[in-house]
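Please open the model in your viewer and keep the selection tool at hand, as this tour goes from one selection to the next.

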Amino acid sequence: MSDAISSSGSKPDTEPTLSDNDVQAIDDLRVAHSKLKTELARVIVGQQAVIDQLVICLFARRHALLMGVPGLAKTLLVSKLAETLSLHFSRIQFTPDLMPMDITGTDILQDNAEGRREFHFVKGPVFANIVLADEINRAPPKTQAAMLEAMQEQRVTVVGKTYELPSPFMVLATQNPVEQEGTYPLPEAQLDRFMSLIELDYPNEAEEIQIAKSTTGGDLPELAHLLTGEKILEHQALVRRVPVPDHIYTYAARLVRKTRPQGESAPSWLPPLVSWGAGPRAVQNLILGAKSRAALLGSYMVRLEDVQEVAAAVLTHRIITTFAAQAEGIAAKDIVKRLIEESNES
């Protein structure tokens, strides 16, 4: 799943170009994206920015971490997204007693047609196109690792046998920021496997009234199936072919390098606030996220604003703040916001 980059950080020698068919495909993707948002709005009130970030991750062929308090319709949003895309959806509720085999599946002993006993593999809930890993920080590290291995490799290994997971494949993990007692927060190295941290906030008053009206009556409407798995795979390949100008690669790399307090690129105010910055995977995800956003908006080339719009979601969970920053109430997203603002001024 991870893309190779050269040790010098330069872009590949063969920059993708768009054919006439690709141009038409981007136009089709823009229309499909607009229809998707309209369809989801029939069920999901507000959360437009969240939906945009989810779709960007999907077409970038990456995974996302959802952060929000209970009751913000995270499960409903993800399940309805899968419904509109004609994808198989699976939800895994992570608990302290959840074992790796509860996720991946296991071999069970069964009688075959001849009456002899043999092992048959029973697939776990990870065998789906969109997997919601609910409250992933409630499961012990061994179970978290099984989930993250499936994310990285898109396959699972059970009793020495390897099983491929379906394509497209996307994991959306949630963490509850309220109840932290008895939880196992994901280590920073594991957080780096997620392209984006998508934060869900409370709805405004008008949205909250609309939520109450729409959810206390009859059943929610069934949504139209706008895409298929095969079409999504084609769009994911198309996103990879969106051209990126040289100065965008340079901008993304320099922005990430500024997050590292030990580096020469870091501004003077950053080292007291940051103990660890983002790694090379952040540059990859900035470019992929920008490509995906550009294609979804119908643009035939990545622009600077595409990188800036995905930067907060891509960088925030990759920056570890110091105790001094926490004492002053300065969060990682505040640091990312300031870095972007300063990069605009320079």
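Begin by selecting N285, which counts as buried because its relative accessibility is 2%, and buried here means under 20%. Keep in mind as you look that this is a predicted model. N285 has its place in helix 10, and, once its neighbours within four places in sequence are left aside, the residues in contact with N285 are R62, M195, V314 and R318.

Next, select helix 8, residues 229-240, whose 12 residues reach 17 Å from the first C-alpha to the last, which is close to the 16 Å expected at 1.5 Å a residue. Which residues of helix 8 are buried? Colour G229, I232, H235, Q236, L238 and V239, for these are the buried ones, and then show helix 1 (20-40), helix 2 (48-59) and helix 10 (280-296), which are among what covers them.

Now move on to strand 5, residues 130-134, where five of the five residues are buried, so the strand is largely enclosed by the rest of the structure. If you display its side chains, you will find that I130, L132 and D134 point one way from strand 5, while V131 and A133 point the other way.

Strand 2, residues 89-93, pairs with strand 5 in the parallel sense over five bridges, and here I92 has A133 as its bridge partner. Strand 8, residues 170-175, also pairs with strand 5 in the parallel sense, over four bridges, and if you select L132 you can look for L172 of strand 8 standing opposite.

Terms used: Residues are numbered from 1 along each chain as its sequence is written. This is a predicted model: local features need pLDDT of at least 70, side-chain atom pairs count only at pLDDT 80 or more; totals for chains, interfaces and linings use all residues. Side-chain values use heavy atoms; hydrogens and water are left out. Buried means under 20% relative accessible area, exposed over 50%, partly exposed in between (1.4 Å probe, protein chains only). Helices (H or I, at least four residues) and strands (E, at least two) are DSSP runs, numbered from the N terminus. Two strands pair if DSSP finds at least two bridges between them. The expected span of a helix is 1.5 Å times one less than its number of residues. Contact means heavy atoms within 4.5 Å.
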